[in-house]
Amino acid sequence: MWRVGLVFGAVASFVSLAGLVEALHGRWVVDGVLSTGQVLLLAIPMASGWTAARRSSGSLAARVGAGLVAGATVGLCVGLLVWLRSQVDLRGMFVNASPALFQLLSGGRPPQAAWPAAVAAGGVMGLVGAAGACAPARVTRPLLVGASAALSLALFQELVLLVLQPESLAPVRDWLFVAGGGPTAQGMAAVLTLSAALAALRHASRGRAGRLALPPRAQRMAWSVVGVLLLAALPVAGGPFLAQVLVIVGLYTLMGLGLNLEVGLAGLLDLGFVAFFAIGAYTVGLLTSVGEHGIAHWSFWAAVPVAVLVSLIAGVILGIPVLGIRGDYLAIATLGFGEIVRLLVLSDALRPWLGGSQGVLAIPKPVLAGFEFSGPQHLYYLTVVASAVVAYVAWRLQDSRLGRAWMAIREDEDVAEALGINLVSVKLLAYGLGAAFAGVGGAIFAVMVGSVFPHSFQLLISIQVLALIIVGGMGSIPGVMVGSAVLIGLPELLREFGEFRFLVYGAVLVAMMLLRPEGLLPAAAQRRELRAVEEEPVELARAAVGAATEGGG
Amino acid sequence: MAAGVLRRPVARRLSFVDAFLWAFRLAVVLVVVWGTVGTLRLGRYTGEQWVDFVVFGLAQGGIYALIALGYTMVYGILRMINFAHGEVFMSGAYTAYFVAAPLAASGFLDRHPILSLLLLVGVAAAVSTGVAVLVERVAYRPLRRAPRLVPLITAIGASFFLQYAFRGLYGSGFKAYPEFQLFKGEWQILGIGVLRTQAVVLASAAVLMFALYQFVMRTKLGKAMRAVSEDKDAAALMGIDVDRIIVLTFAIGGAAAGAAGILYALVFKQVHFFMGFVPGIKAFTAAVLGGIGNIPGAMLGGLFLGVVESVGPALFLDGLGIPAPYQLKDVIAFTMLVMVLIFRPQGILGERLAAKRA
């Protein structure tokens, strides 16, 4: 429990010094009382207590005691940090060790008096965490749901305020929010209790007769109607900012669907994927631009098929050399190709054609029958339609002969080849079609920004796309959408998060692989494969034997 | 093995792929030859400049080689690419900056330059070792038996996490590394004027590599490392604590990378949270070039890559009339990476390790 506490204490010190706590401190959970930064700080000893209580076996008192100690240790670490700062100038090294941060950490107390308070607070939170670990699920689950609902309200308060804009909703707004500030205490309490009560009810009614009387088919229909209506209404209700965020989510979904064919289905890890997005964007840019580098002045609609075709061909051409490479080497080789493409576009050598670092400017917005897709709210619908079409194609591909061939080579190339699958054509199709999907995204990106330049196509994008596939669940189409909503949409909405986005991505990638390798919404096959160890002991033995022979072979 | 036997007749069927690959090879060779001839005919560079390029390349290559050791040793033992190794390299150099800056401000750096350099290398190596061991413990060890793709993804995640963790902690700007007065200017070595920094870097890299090589080949722990890389299970049966050896491997690779970080800071005089990415990839190229899993190979690969990268833009590209060929320095390195992975994944010193997985 000491060690658990120390690990979490290190985490608390790290998030404080890295600036995360202070950044989140700008947003109230309860106006004037509690900020999201404070919630983060308090959650760490709680998690520490929870972990310690889960790990220790023994009587209830022993487990709660472990939680208390683990939580208090976290408090002690934070107290030590505050004390350390009073002795040496931390800011020379850690840019985010600002006075405001330490004001927050010490609660305004002088450094000598800060640590007892920190230990006490940590201990209390540790107790809460330990209680959470010991209590039955029917108690903790509703509380957890309530807390996350309240936290979501706090995180998305701008959005909620936007929806509550009309005068007719003013009473609700004033009851929920302090004018010009964060949520009110009564509002938060109401949201928390209400959602907790709902969750408790749901928990209690589970296991009894079916929740809804509708047959599954009708249920699915009803859900899709709701989904379509929601998709259509979102930008209207949320305004241009939300629409912009949704367009970006849509673009990542397009790329994700493409990469999903390669990584999720065919098992070909491609880290140079952004190159195809760039190729789609540049093709549209060059063909439609009315500026210096435009070559054809085509309309957007004529340029898109060309862009898709060019991306597809590029996918095949870059796919041919790496046909014989597998696994880790493939990842690095494709990364190399992606960087080569970016560096070439950036260089002076190709500047006369591609515009060097400034890129291709003055790309007109698409016009359809006199209607110009000018703002994000219009482009949103374009993106949704494109994503829907691509998702449909991907869905049909998944269960086709080709899709099954992809899954076969993902499992074992040699066996797949022995079964008569033509590795060359199947792999090239994966690269080509994946690239084509990304090309669609690139085409929309070009008209969204109005210019294309190499700086938009960094390796980071490839990593983000990979991350969203993994978080969503490899090989799963709904997973791609959820992944891009969570990994791309949330950070865009939470502005203060911006700087820490990639920090969180890195942590999420590692945590997902450790805790839930199949992703949030896994495809059936992937789930079977990755969870095989838990479900079938025989598989475990087989895996161990396999590993042993691999090591010795 | 069976797979190899099966592959051969298939290879004949892939003739259009082969043709494509031959065209690719031919194109690269043509570009290189054409460019070289063009450059030599232009005669824009003097012999002295070429020597400078080579010396700079060797210094650079020494740094790559030190980083490459970490890749190659980890690969030798775990058969995985430690994608976060570039960040291990960065963490040491970036942290040591906070030692170097006060040392320079107090004048200690110029009064005792050798002592300071040793101190900095020590700090950087300690930090990098710590980071490397931490990454192993958190991101790799729990996944020892997972499918291959899984540790690679955690490695990418760890790499990102480290970059942005250091950005959050130390800030996103470039930090100017203090300069050593002693290492300014040139030394005459064998009648050639060599920048002192480069000579120091090359010498330190050589000493460190020699020491590491001796450690791996002569000590008991080194022997244990080689045994684990040969066969983990058999090594465990012989009483070797495999987990400990793996940690040791990460630690040694981290220490080498930390030292390389200081040498890098000596040459480029600045540090940044993103500085690990490109040298990391290049060092990986060096490791593959030399035959991954092979320690002398990594050293050779590093030096070779450094020289090609330094000489290449002037030699191959200038003659083609490409403006500002130095912008394409990294393109040369990445092209070499891709070519090696495609055409000779077993590297120069063809290791059977690599041949097995190719």
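Me: Which residues of H11(A) and H20(A) meet?

Reply: This is a predicted model, by the way. In it, Tyr252(A), Met255(A), Gly256(A), Leu259(A), Asn260(A), Val263(A) and Gly264(A) are the H11(A) side of the contact, and Gln464(A), Val465(A), Leu466(A), Leu468(A) and Ile469(A) are the H20(A) side. Sorted by type, the residues of this contact are eight nonpolar, four polar and no charged.

Me: What makes Gly256(A) one of the contact residues, and how is Gly counted?

Reply: Contact goes by C-beta atoms placed from the backbone, within 7 Å. Gly256(A) is listed among the H11(A) residues that meet H20(A). As for type, Gly counts as polar.

Me: How do the axes of H11(A) and H20(A) cross, and why is that called roughly perpendicular?

Reply: Helix H11 of chain A covers residues 216-265 and helix H20 of chain A covers 459-472; their axes come within 9 Å and cross at roughly 75°. Angles of 65 to 115 degrees count as roughly perpendicular, so H11(A) is roughly perpendicular to H20(A).

Me: Why is Val138(B) called partly exposed?

Reply: Val138(B) has 16 other C-beta atoms within 10 Å. Buried takes 20 or more and exposed takes 12 or fewer, so with 16 Val138(B) is partly exposed. Val138(B) belongs to helix H6 of chain B, residues 113-140.

Me: How do you know that S2(B) and S3(B) pair?

Reply: Two strands pair if there are at least two bridges between them. Strand S2 (residues 186-189) and strand S3 (residues 192-195) of chain B are joined by four bridges, so they pair, and they run antiparallel. Ile189(B) stands opposite Ile192(B) in S3(B).

Me: What do S2(B) and S3(B) form, and what is the phi of Leu190(B)?

Reply: They form a hairpin, with two residues between the strands. Leu190(B), in the turn, has a positive phi of about 50°.

Technical notes: Residues are numbered from 1 along each chain as its sequence is written. Chains are lettered from A and ligands numbered from 1 in the order in which they are written. This is a predicted model: local features need pLDDT of at least 70, side-chain atom pairs count only at pLDDT 80 or more; totals for chains, interfaces and linings use all residues. Axes are lines fitted to C-alpha atoms, for helices over the stretch in contact, and angles run from 0 to 180 degrees between N-to-C directions. Angles under 35 degrees count as roughly parallel, over 145 as roughly antiparallel, 65 to 115 as roughly perpendicular and the rest as oblique. Two residues are in contact if their C-beta atoms, placed from the backbone, lie within 7 Å.
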